[in-house]
Amino acid sequence: MENIIHCSEWKIKHVDDNLEKIKESGYTAVLVGPVQYSKEGHEWWKLYQPYGFSIGNKLGTKEDLEKLCYHAKFLGIKVIVDVVIEHVASDEKLNLVPHEKVDKTLTSNHYFWKEAIKITNWNDRSQVVNLSPGLPTMDTSNYELQDIIYNFLLELINIGVNGVRIDSAKNISLPEENGNHFYTRVIGNLPKDFYVMSELIFIDEKLLNMYSKYTKVLTENQSYKNKSKLVTFAESHDSYLEFKSTAAWDKQKLIKKYQEAAKNNNGADLMFYVRPLEDKCNNLWCHPDIITVNKTRL
């Protein structure tokens with residue numbers, strides 16, 4: 001079982017500076033925010049609008065990430081990176097048009113792109129995997145694009161990264177659905193000990209079972225039965241920042257929900273989201289009650 005601390009907006013150097021405290025607090029892995037060159041600005045969501053697959057943004061440089069991995073390996077902590085591989089930054093008017101800074105290797109190949117039509121029904125699986133979630137969306141079934149993504153993941157591995165979180169994974173179809181071999185051809189060819197979790201929020205158990213053949217499944221569904229494949233949480237950056245469904249939770253409720261998630265999911269991996277610095281609960285990740293939960297699971 002992994003105890004993962006999600007430092008989504010921490011600069012990589014800040015994560016590095018806190019590695020020993022993270023280790024002492026019972027975490028076995030650290031998840032950092034997207035490291036791809038992306039839109040600039042203080043808004044959290046701009047990290048999820050990359051220009052391509054080059055490494056380095058406001059969170060840090062490729063060298064910063066390499067240093068973090070070196071130090072984390074010495075302490076026995078996994079480094080997991082959030083990766084955005086199915087969409088890119090939009091233009092400044094937020095149209096379904098790639099930003100002018102998006103890598104020309106991507107924009108010059110029209111076979112790399114899905115139709116510029118927004119999803120209107122998230123319960124329609126055909127729309128979810130074939131249309132756009134609101135940003136210019138790439139067709140991950142294209143083999144040439146798969147090779148680009150695969151090489152990006154290999155670059156992370158060569159730096160020392162131990163795993164990835166695949167953002168918006170439910171928009172990436174599976175071989176059983178329409179013959180998209182992204183999960184078999186890209187993920188399936190990564191080293192066996194490389195940790196991969198697919199973000200799969202708000203999907204049914206049937207789809208979770210299908211994805212779990214290929215990766216860990218990161219979901220809010222704590223009743224999912226296949227605990228060895230489950231990564232779950234009490235709060236996520238989406239529930240706090242985007243949906244704001246947990247933003248009003250105070251310290252006591254956050255602790256209680258984390259304790260419940262651990263109790264109900266023995267055998268699963270558990271993630272603790274670190275709130276932004278301006279939130280009064282931002283130091284809760286090293287609270288004695290949270291540490292107790294983590295160390296009980298070790």
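This is a predicted model: local features need pLDDT of at least 70, side-chain atom pairs count only at pLDDT 80 or more; totals for chains, interfaces and linings use all residues.

## Helix 6

Helix 6 runs over residues 143-159, and its 17 residues should span 24 Å at 1.5 Å a residue, which agrees with the 24 Å between its end C-alpha atoms. The buried residues of this helix are Leu145, Gln146, Ile149, Phe152, Leu153, Leu156 and Ile159. Because these residues cover an arc of only 145° around the axis, they lie on the same side of helix 6.

At the N-terminal end, helix 6 is capped by Asn142, which has a side-chain oxygen 2.9 Å from the backbone nitrogen of Glu144. Just after the helix comes Gly160, with a positive phi of about 125°.

The whole structure contains 13 salt bridges, and one of them joins Arg165 to Glu199, with 3.3 Å between the closest N and O atoms. This pair connects strand 6 (residues 163-166), which holds Arg165, with strand 7 (residues 195-199), which holds Glu199, across 34 residues of the chain. Both Arg165 and Glu199 are buried.

Another salt bridge, with its closest N and O atoms 2.9 Å apart, is formed by Arg275 and Glu235. Arg275 is in the loop between strand 10 (269-273) and helix 12 (288-297), while Glu235, 40 residues away, is in the loop between strand 9 (230-233) and helix 10. Arg275 and Glu235 are both buried. Through shared partners, salt bridges also join Asp82, Arg165, Asp167 and Glu199 into one network.

## Two buried histidines

His237 is found in helix 10 (residues 237-242) and, with a relative accessible area of 3%, is buried. Its side chain makes a polar contact with the side chain of Tyr48 at 3.3 Å, and, beyond its neighbours within four places in sequence, its contacts include His6, Trp44, Arg165 and Tyr273.

His99 lies in the loop between strand 5 (78-83) and helix 4 (104-107), and its relative accessibility of 6% means that it counts as buried. The side chain of His99 reaches the backbone nitrogen of Lys101 at 3.0 Å. Not counting residues up to four places away in sequence, His99 touches several residues, among them Lys39, Tyr51 and Asp91.

Key:
Residues are numbered from 1 along each chain as its sequence is written. Side-chain values use heavy atoms; hydrogens and water are left out. Helices (H or I, at least four residues) and strands (E, at least two) are DSSP runs, numbered from the N terminus. The expected span of a helix is 1.5 Å times one less than its number of residues. Buried means under 20% relative accessible area, exposed over 50%, partly exposed in between (1.4 Å probe, protein chains only). The arc is that of the directions from the helix axis to the C-beta atoms. A polar contact is a pair of N or O atoms within 3.5 Å; within protein, one must be able to donate a hydrogen and the other to accept it, and residues adjacent in sequence count only if both atoms are side-chain atoms. Contact means heavy atoms within 4.5 Å. A salt bridge is a side-chain nitrogen of Lys or Arg within 4 Å of a carboxyl oxygen of Asp or Glu.
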